[in-house]
Amino acid sequence: MKIVVGYIKSDEGHAALDRAIEETKLRDGKLVVVHSMRGGERDEAEEAIAYRDELEEVDRRLKEAGVAHEIRELVRGKPAGEDLADFAEEEDADLIVIGLRRRSPVGKLVLGSNAQDVLLKAACPVLAVKAKG
């Protein structure tokens with residue numbers, strides 16, 4: 001079983017990773033950790049550098065846990081939610097795990113929602129996890 005988790009440096013990202021690790025172990029699968037950057041408007045090199053140490057720590061944690069995995073950084077010019085759903089479909093993933101953050105209805109309307117993009121576009125089941133607190 002191939003499980004894809006969308007990862008960002010946040011409480012929601014950590015909650016999603018924790019649950020994805022549990023699901024991967026439970027199902028004796030392979031975990032693909034994905035960090036998506038839109039690129040273009042932002043300096044993607046600067047953002048990639050900021051995430052390098054974080055993703056190396058994730059890699060160490062997964063190795064120590066004995067979880068078969070790979071880590072992918074995507075810069076494909078797409079919104080993160082769309083990019084994650086497309087990547088999961090390209091990789092023939094069996095499950096996507098995402099973290100949810102609490103937002104007001106107005107915040108969802110104005111800012112959009114990566115989680116909503118994943119839920120609407122994904123070709124496989126999606127497990128949405130809330131961060132504690």
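Figure 1. The side chain of R60 meets that of E57 in a salt bridge, with 2.8 Å from N to O; the term stands for a side-chain nitrogen of Lys or Arg within 4 Å of a carboxyl oxygen of Asp or Glu. E57 is likewise partly exposed, its relative accessible area being 43%. Because E57 and R60 are three residues apart in helix α2, about one helical turn separates them. Helices (H or I, at least four residues) and strands (E, at least two) are DSSP runs, numbered from the N terminus. Residues are numbered from 1 along each chain as its sequence is written, and side-chain values use heavy atoms, with hydrogens and water left out. As the model is predicted, local features need pLDDT of at least 70 and side-chain atom pairs count only at pLDDT 80 or more, whereas totals for chains, interfaces and linings use all residues.

Figure 2. R61 and D18 form a salt bridge in which the closest N and O atoms are 2.6 Å apart. The pair links distant parts of the chain, with R61 in helix α2 (residues 44-65) and D18 in helix α1 (residues 11-26), 43 residues apart. R61 is partly exposed, with a relative accessible area of 33%, and for D18, also partly exposed, the value is 33%.

**Figure 3. A network of salt bridges that includes E70 and R72.** Salt bridges link K2, K30, E70, R72 and E91 in a network. Within this view, the side chains of E70 and R72 meet in a salt bridge at 3.4 Å, N to O. E70 counts as partly exposed at 23% relative accessibility, and R72 is partly exposed as well, with a relative accessible area of 30%. The structure as a whole holds 14 salt bridges.

**Figure 4. The largest nonpolar core and the surroundings of L17.** A nonpolar core is a set of buried Ala, Val, Leu, Ile, Met, Phe, Trp, Tyr and Cys residues joined through side-chain atoms within 4.5 Å. The largest such core has 19 residues, and those with the most contacts inside it are V5, L17, L31, V33, L62 and V97. At least two residues of this core are supplied by each of β1 (2-6), α1, β2 (30-37), α2 and β4 (95-100), and the largest share, five residues, comes from α1. When neighbours within four places in sequence are left aside, L17 is in contact (heavy atoms within 4.5 Å) with V5, Y7, L31, V33, V58 and R61. A second, separate core of 14 residues includes V4, L84, F87 and I98.

**Figure 5. D83 in helix α3.** D83 lies in helix α3 (residues 80-90) and is buried, with a relative accessible area of 0%. Residues up to four places away in sequence not being counted, D83 touches S36, L74, R76 and K78.

**Figure 6. The chain as context for the close-ups.** The secondary structure of the chain comes to five helices and five strands, which follow the pattern β-α-β-α-β-α-β-α-α-β along the sequence. Of the 133 residues of the chain, 41% count as buried.

Terms used. Buried means under 20% relative accessible area, exposed over 50%, partly exposed in between (1.4 Å probe, protein chains only).
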